[in-house]
Amino acid sequence: MAPGSDDREEGTMLSTSALAKKLQLPMQQLFATLRDYGWIERSGDHWLLTPKGEFEGGGYQDSKRFGRYVVWPQKLATHPLLAAIESRQRITVRGMRRYYPQLHPQTINRALAELGLQEHTLLGWELTELGRRFGGQQEESDDSGALYVSWPHELIDEAVVHRELGRFSEHGAPRVDDSAEPDLFASSGRLSVEGYAGIDGHVLHSPLQMHVCNWLYLAQLTHAHARSLPVDEPLCADFYLPAGRIYVDCWEADVPAGELSSRLRKRDIYVELGLRNIEINARDESRLDEVLGRRLLEFGFRF
């Protein structure tokens, strides 16, 4: 008989969020820990039990509001692996990558700055008064002397922080737990009909365009979307940066046949008119800081 079967029979199983509260842990930390232990795994929009999770007593419960979600026996709160988790430690943006593995630390820093929790200065990342209210502490690198901010681990459960960071993560998905708190890797920002919503209000046509748009916005680079090229043809660049006169186009892995000819025509125009342009491919989506940032610097664009 698997551990926890008695709890299941007595109807005292706990959801993952309830177990996190019992352990006095941030919910997202517990989700990530259970994933790292190999007890649960992500499948589309749902968390599923692995054989290890089932052995530890995990099961499922159905909810009219949240659908099917994973539950655990109450006595799991005393499990040695879970009891040993430290919840009081502080984390930096690099530590937050555990919960948002697709995000570059610089993207997380910019997102926190957009929320007003910190700001970028010549000295590094400086804590704001609002960030202090969220538990931030100003730190200084022993090696370089650059300033950065450390945060309480509970920051990852702050709804507004999770909402903004979740919009940048490729693992965005509706929550499936029976809690009002956000689940790990929540909403990706997709609109049901029109397209994909950028945080600046632009409605984009693909996830790649959305990530590029968000990157430009967080880098505080003024940009236009669907900007007409300076020719007497109905051709538009995906983005245009007026300060550097740079056109940016996103090439998804599968370009529809109807768009291919116009995209190839744009390439010719860029060459014919000597226009500055940057192409971002699908494989660049997870490393925009390296690819897009480097190309802008090559054009002498400082930001």
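Are Phe 31 and Trp 47 buried or exposed?

Tutor: Phe 31 is buried, and Trp 47 is buried as well; buried denotes under 20% relative accessible area, exposed over 50%, and partly exposed the range in between, with a 1.4 Å probe and protein chains only. The model is predicted, so local features need pLDDT of at least 70 and side-chain atom pairs pLDDT 80 or more, while totals for chains, interfaces and linings use all residues. Residues are numbered from 1 along each chain as its sequence is written, and side-chain values use heavy atoms, leaving out hydrogens and water.

Rings of Phe, Tyr and Trp (for Trp, the six-membered ring) pair if their centres lie within 6.5 Å; planes under 30 degrees apart are stacked, over 60 edge-to-face, and the rest tilted. Phe 31 and Trp 47 form a stacked pair, with 5.5 Å from centre to centre and 25° between the planes. Because Phe 31 belongs to helix α3 (residues 27-37) and Trp 47 to strand β3 (residues 46-49), this pair ties together parts that are 16 residues apart in sequence. Helices (H or I, at least four residues) and strands (E, at least two) are DSSP runs numbered from the N terminus.

Tyr 247 and Tyr 270 form a tilted pair, at 5.8 Å centre to centre and 35° between the planes. Here too distant parts of the chain are linked: Tyr 247 is in strand β15 (residues 246-251) and Tyr 270 in helix α11 (residues 257-273), 23 residues apart. Tyr 247 is buried, at 7% relative accessible area, and Tyr 270 is buried at 3%.

The surroundings of this second pair can be followed along the chain. Strand β15 runs parallel to strand β16 (residues 276-281), and 6 bridges join them; strands pair if DSSP finds at least two bridges between them. Within β16, Asn 277 is the bridge partner of Tyr 247. The path from β15 through α11 to β16 is a right-handed β-α-β crossover, meaning that, with the strands pointing away from the viewer, the path from the first strand over the helix to the second runs clockwise.

Tyr 37, Trp 39 and Trp 72 form one aromatic cluster. The charged end of Arg 267 sits over the ring of Trp 251, 4.4 Å from its centre, and Arg 110 lies over the face of Trp 215 at 5.0 Å from the ring centre. Such a placement requires NZ of Lys or CZ of Arg within 6 Å of the ring centre and within 35 degrees of the ring normal.
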